[in-house]
Amino acid sequence: MPRIKKILIANRGEIALRIMRTAREMGISTVAIFSEADRKSLHVRYADEAVCVGPAPSAESYLRSDKIIKICKELNVDAIHPGYGFLSENTDFAQKVADAGIIFIGPSPHAIEIMGSKLAAKQAAGKYNIPMVPGTSTAVTDRTEAKKLATNIGYPVLIKASAGGGGKGMRVVNNEQEFDEQMDRAVSEALSSFGDGAVFIEKYITSPKHIEIQILGDQHGNIIHLFERECSIQRRHQKVIEEAPSVSVTPEIREAMGRAAIDVARSCGYYGAGTVEFIMDEKRNFYFLEMNTRLQVEHPVTEQITGVDLVRQMIHIAEGYPLTLKQEDLSIKGHAIEARVYAEDAANNFLPDVGTLNTYVRPQGNGVRVDDGFEQGMAIPIHYDPMIAKLITFGASREEAIEKMTRAIDEYQISGVQTTLPFCRFVMKHQVFINGQFDTNFVNHYFKPENLTSEYRIDESILAALLSASLMTTTNPLKAPSTDLQAATTSKWRERRL
Ligand code: MV4
């Protein structure tokens, strides 16, 4: 069995750091790569060795597969962990790594390729009895033919790009009159975004919950699932809150969904860690959507409820060992919630906010995990994803996890950039979130910028703190307009930018 002694992490930020921590625990040495913008990053300092791969833009640094493979050869690297994003779901990269005699810590190029195409994925899954949304599993090209299919499926329908992702190339069609225009748009968007104009049609599920199953497979055909994650709280296809388990999933549904996820993985000979996405309608019917062939951003909630280190498992699998975990040994213990802390202004349509972390103090204590890659004083680079941190809480029950999240959000001190923390607090306090009756429309239905201020109204204890503080030089918080989010946020008024 090839023992991995040295890993290169082809990524940056919190996920690079998260992977290195497990590698270090396993006695594996680590190589970081970094762009010129990340020279001082925590992931660079944490690594045993670090190599600059180029200028700030990803295309000139983190996406330079040729350079990355060359570094591996020069530094005697045994394996590459791609993290998420960047090269993680790139078939050519996985193949080139294998051709260079380096272990790719992830699935086979074949599995990445199949699941990278929604149509190929549907066709592969079609060999098993996996529930799928009524629709086509081949590309539609002829409009007249397509309209007939849509009428049979029944409006509203969704036109989707086979190569799509993040909602791109996806068009809702409410009736036959709209069909031609929306189909043209979907095809041209698919062509311009992915260079592949193949589209297909599905019944549009108007109020779905987004539920995904974590799976692990080894190179000997064993596949297990690690239950579900509920990811419905998102806006513009960007997840903000994730949790495990889901309030809407019964033990029976969990078992059926887990079995379906394992079959999807089996349909492409999957090994490594992977995630099978489903949507669930109001009647709790669930349908397979697609499979993500990487370690996902939200993997920590699964780690917290199962006690399994997913990165450790990925490394074991890549080394060729059979899974030591058995399905019957796995169980859900407690509840975990993740809040993504983005440098974005939720009060201003989630506009990205650039700047420096003038104050950056993490919450701590029982049931709190923070996965991040920043320190106080660092600037958030504009070149990459604006995620500052993932705040994860876990408790014996969902209520406890929510209470811990609210407390942790209140402890988190960030100034210099606007963040999604106030928005996450709004979600934790919202009755619809608390009772679990939410779907992917939650943000559109319930969130308005004004909501943030009511939760952040100055109360007496804050007034007392304001009066005793000697920092009231820039503005008088007592006169701060009630719409001023920063001014009314617990203690954060002190760092208000003018
Ligand atoms: C759907 C759907 C409703 N009906 N398919 C969004 C991106 C891609 N992963 C698939 N997506 C959807 N597919 C059918 N037939 C609704 C969505 C969808 C969605 C899915 C998961 C999480 C958030 C979402 C937000 C809007 C739409």
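**Notes on the predicted model and its ligand site**

1. Starting at the ligand: a backbone N or O atom of K203 sits 2.8 Å from one of the ligand's nitrogen atoms. The side chains join in too. K160 places a polar side-chain atom 2.9 Å from a ligand nitrogen, and an N or O atom in the E202 side chain is 2.9 Å from a nitrogen atom of the ligand. (Polar contacts here are pairs of N or O atoms within 3.5 Å; within protein, one must be able to donate a hydrogen and the other to accept it, and residues adjacent in sequence count only if both atoms are side-chain atoms.) On its own the ligand exposes 520 Å², of which the protein buries 90%; accessible areas are Shrake-Rupley with a 1.4 Å probe, and for residues only the protein chains shown count as cover.

2. Housekeeping: this is a predicted model, where local features need pLDDT of at least 70 and side-chain atom pairs count only at pLDDT 80 or more, while totals for chains, interfaces and linings use all residues. Numbering runs from 1 along each chain as its sequence is written, and side-chain values use heavy atoms, with hydrogens and water left out.

3. Now the wider shell. The ligand is surrounded by 16 residues, with K160, E202, K203, I205 and H210 the closest; a residue is near if one of its heavy atoms lies within 4 Å. By class, that shell has 7 nonpolar, 4 polar and 5 charged residues. (Nonpolar covers Ala, Val, Leu, Ile, Met, Phe, Trp, Tyr, Cys and Pro; charged covers Asp, Glu, Lys and Arg; the others, Gly among them, are polar.) Strands β6 (157-161), β8 (199-203), β12 (272-280) and β13 (286-292) each supply at least two shell residues. Helices (H or I, at least four residues) and strands (E, at least two) are DSSP runs, numbered from the N terminus.

4. On domains, the chain splits into domain 1 (6-105), domain 2 (134-203), domain 3 (209-453) and domain 4 (457-494), with bounds from an automatic or database domain assignment. Domains 2 and 3 both give residues to the shell, so the ligand lies between them. Their C-alpha centres are 29 Å apart.

5. Backbone points to check by eye: the Y155 to P156 peptide bond is cis, omega about 0 degrees, and P156 is in the loop between α7 (143-153) and β6. Another cis bond runs from A244 to P245, omega near -5 degrees; P245 is in the loop between β11 (238-244) and α9 (251-267). F86 has a positive phi near 40 degrees.

6. Confidence (pLDDT, per residue, from 0 to 100): the chain mean is 92, with 91% of residues at 70 or more. Residues 470-493 fall below 50, with 39 contacts beyond near neighbours in sequence, a contact being heavy atoms within 4.5 Å.

How values were computed. pLDDT is the predictor's confidence in each residue, from 0 to 100.
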